[in-house]
Each structure stands twice: as structure tokens, then as C-alpha cells.
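Please keep the sequence and the 3D view open while reading.

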Amino acid sequence: MSAFIAPAVLVPVLCLPVAACAGGTEAISVVQPARQFTTAERYEANPGGAGSLATRRFDRPAASLPAAQRMTFTLGEALFEKLWVPAPSSTRASDGLGPLFNARACANCHPGNGRGRPEDGQGISGMVLKLSRRYRAEDGAFGVEGWHGMIPDYDFGWQLQDRAVPSLQPEGRLELEWIEAHGLRYPAPRIDLPPEVLTSLRVAPQIIGLGLLEAIPEADILMHADPEDADGDGISGRAQYAPGPDGAVRLGRFGHKAGMARLVDMTAQAFSQDMGLSSVLFAEGSGDCTLTQTDCLELPDGIDVGLRDNAEVSTEALQAVTDYVTWLGVPKRRDVADPQVLRGKQAFYQAQCHACHVPKFVTATSEDPVTSHQLIWPYSDLLLHDMGEGLADHRPEGVASGHEWRTAPLWGIGLTQENTGHAPRFLHDGRAATLDEAIRWHGGEAGAARDRYLALPAASRADLIRFLETL
């Protein structure tokens, strides 16, 4: 449901199987792992519930979005694609960009609402270098046990901004060096920083189905957590807890380390750090400028006192963009009953991939007809897992260590290229060019599943990849 504005019009919610509609233990039975693989499961072709899309596009509203709310969706889409300009300009409602920034529009980092890519012969698109310094090793800030105290870098802030308004120099240019490791490659930033500055390369993730992820009941996510590995299966799964800009601590769900709890917070942070635009949640008109960047701080911003809630992005505009990403639909799956796909699904389960890539949830009941009480298939538990040294960025975030990452949702993963227009790149820094390569990078808690995948006959591995491509 929207964070600020409740939908005005209600429609009947998805008619789930009787068990799910009844709730309680019967609802739990609906989300049990598959037990047979000769036919597709009921509703499996609709990963986004009743709002699943017949189209393969990532930029369409959920099919269940009422007509009365489509105008809001369209307004949010326009703001998502809007090119912001530096202040002052003749169009005061569109200025305030920067002074330092990474992109002029949200859409610049999410091509076709899909994931970004590292530089690999095609140029960087939708990729940033996150920065931070340790404040205190384990200080339990915000009342959260195990919280890693972090502060922005003194000179560059929370991330390297590689673009700036005309009167200012960018902080640097993000360039990558590709390093060989165990027959695979990964990108490393070419940048001269003090050794105490922690860095993490991140590609922008795809943004479909985010409203559905936000609607999963917290208890249903925590049900899969096993921080002490009490069941001895080698998979721990920890919950991230994220203090929002309003100071409240909530279960983290979004971002590569689940560092954001709410879509409105994630949207406001992107406005601030990626484009240097203020909102009610991130009030600084100078964006990610630091105290040492005095030239940056002295430049004009786009705040008009008394207008737009004293911010460059008004509360209404912030909510419209949040609504847009909340209501983006998930395409229907293809070929769910194809024999090869079913064999691949069985191999996925046999390798125990589903232990972290949890196939399905039922969302909470709410007033939002798109997200309320839907059987969804994101293939993620939204929890943190130690993925091993190979994928480690050694940069903690919240309670996440430098080895931990949130399980990435897999829905839509087979449609990446046709939505972004570029060759797909997977994992947090886009190092994997194929799904097979992405699996081979799995280590830590996922190492056993990776090994089971590698032990499969080549034909079974191909079946599993084919299954992933239909998600």
C-alpha cells in the first residue's frame, strides 16, 4: 500500500485458492515448497498475483490496478523519467539537480525498469560506487544488536558522484578493472582512496513487483530466518533492520543488503544521493555534498521556501514516484508446463536453491487492490546470507557484514535483456554475464547448493537454467 496516500477506490482482491483465502495454517499450506514436478503448480504462471501482466514489459502497471489510479501511475511514470536541471532555471519545478549527481532521471539508472550494468565494452549504465567509513565497530546503534556503525566518507559522502553541474567538477570518473578469479571475472573500481574508505560497486536492480515485496507480512519473512542455523542445514538467513529517515527501525527489504525498509524511503534516498534532490525525508538541497566540499555547498539549490513542502521534490511528487514503483506489474511466466522447465524446477529444488530463493508468499490484506492478499512468487526470502569471500565487498551495511547479501528476487530475470536493451549482467556488481556464471559465484551458505548444481549432468544444469529463464 502507498506509504502516505491510501487508494480511494477498492476492488475485489485476488481470488486465491480456498486454502489461502481462509488464512492461518491453511494459508501456510499454499506457500509450501513444491512436492511434484510433473505438472505446473496452480497459479504458478502468475508470479505477481492477480496483477500479473500478459506483456513481457517491465514498465506496465499491474493488471489489477483500478482505472481510477492509473492517472497517478502515469504521473509517477512521468516524474520517474523526468530530466532534472540545475538551479536556478526558468522551470523552477524541475530544477535542483545536484550540484553533484550520478543521473538526471530515475530512469537513467533503471533502463526499461531493469537492472544496470558495469562497463564491459558498452559503457556503464546504472552503476554507482558506494562509500563509507567505520564509525564504531559494533556499537548497537538505533537499538539494533550487531549494527555496524558507519559514516559517509569525509570528502565524497555516501557514494562517488561522477557528474556535476557546469560550474563544478565531478568527484571522479568511475572506471573498472576486470580481475580474473577461478575462471571467472569481477569488476573492481579504479580509484585512489584512503585505505580506511570502504567501497562497494552496485548495479541498479530491476524494480518490478516492489509493492508486492513490501506487502509480505514481516512475520512470514522472519519465519524463514535461522540466524544460528538451528536446523543444521548450513543456511542461516538473518533479518536486516533498517532505520529510515524518519528514525523508525523496520525490517529491511530493499537494496542489495536490504538496507531500506520502505519504498518511499528508497525513492527519497535515490533522489538525494543519485540526483542531489531534496524531499521531506532527505531535506538537504545540496544532496550528498560533504562539509569539505565548500564549492558544492555554496551553489544554489532548487528549494523555494513555502513551495513544494520546502523541498526540490514535493511530498506529492515523491509519493507519485513511490506509487509508480509500487504498482509496476510482474510479467506472467512463460512455458510453466514445458517438460524441460519442469525438470529444471525439480533440479532447482534438488540443489536446494529454494532454501534461500523461497518461491512464494501471500501478501498482507490491505486497502491496496494491487498488493492486498496476493499469492506471489518472487523466489526470495528477503533475508541476509553469507555468500562467501568471492562475493564479499567487505563493506558492512546495517547489520549486514561485508560477506552478506540479501537474496535477490528472481522474477523477471529471464526478461532482463529484452527490457533493458543490453546484455544481462547479474549479481550486485553485474559481474556475471550468464545465469550459470551467477550460480558459480555463489559461496558461503550457498556453496553447497552451488556444488549440487555443478554436480548435475550438463543436461540437468541446462534444464535448471531454462527454468530460471521462465521466471
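For the charge count used below, Lys and Arg are taken as positive and Asp and Glu as negative, while His and the chain ends are not counted. The model is predicted. On that basis, the protein chain has 41 positive and 60 negative side chains.

**Overall build**
- The protein chain contains 14 helices and 13 strands.
- Its radius of gyration is 22 Å, close to the 23 Å that the globule rule gives for 471 residues, so the chain is as compact as a globular protein of that length.
- Along the principal axes, the C-alpha atoms of the protein chain fill a box of roughly 65 × 55 × 45 Å.
- Considering contacts between residues at least 6 apart in sequence, 68% join residues at least 24 apart.

**Burial, surface and charge**
- Buried residues make up 56% of the 471 in the protein chain.
- The protein chain exposes about 19,100 Å², and 54% of this area comes from carbon and sulfur atoms.
- The centres of the positive and negative sets of side chains lie 7 Å apart.

**Helix α13**
- Helix α13 spans residues 447-455, and Gly-447, Ala-449 and Tyr-453 are buried in it.
- Seen down the axis of α13, the buried residues fall within an arc of 160°, so they line one face of the helix.
- These buried residues of α13 pack against α12 (435-441) and α14 (458-469).

Technical notes: Residues numbered from 1 in each chain as written. Predicted model: local features only at pLDDT ≥ 70, side-chain atom pairs only at ≥ 80, totals over all residues. Heavy atoms only, no water. Helix = DSSP H or I, 4+ residues; strand = E, 2+ residues; numbered from the N terminus. Rg over C-alpha atoms; globule rule 2.2 N^0.38 Å. Buried < 20%, exposed > 50% of the residue type's maximum accessible area, 1.4 Å probe, protein only. Contact = heavy atoms within 4.5 Å. Areas by Shrake-Rupley, 256 points an atom, 1.4 Å probe, with all protein chains shown as cover. Charge placed at Lys NZ, Arg CZ, Asp CG, Glu CD. Arc of directions from axis to C-beta.
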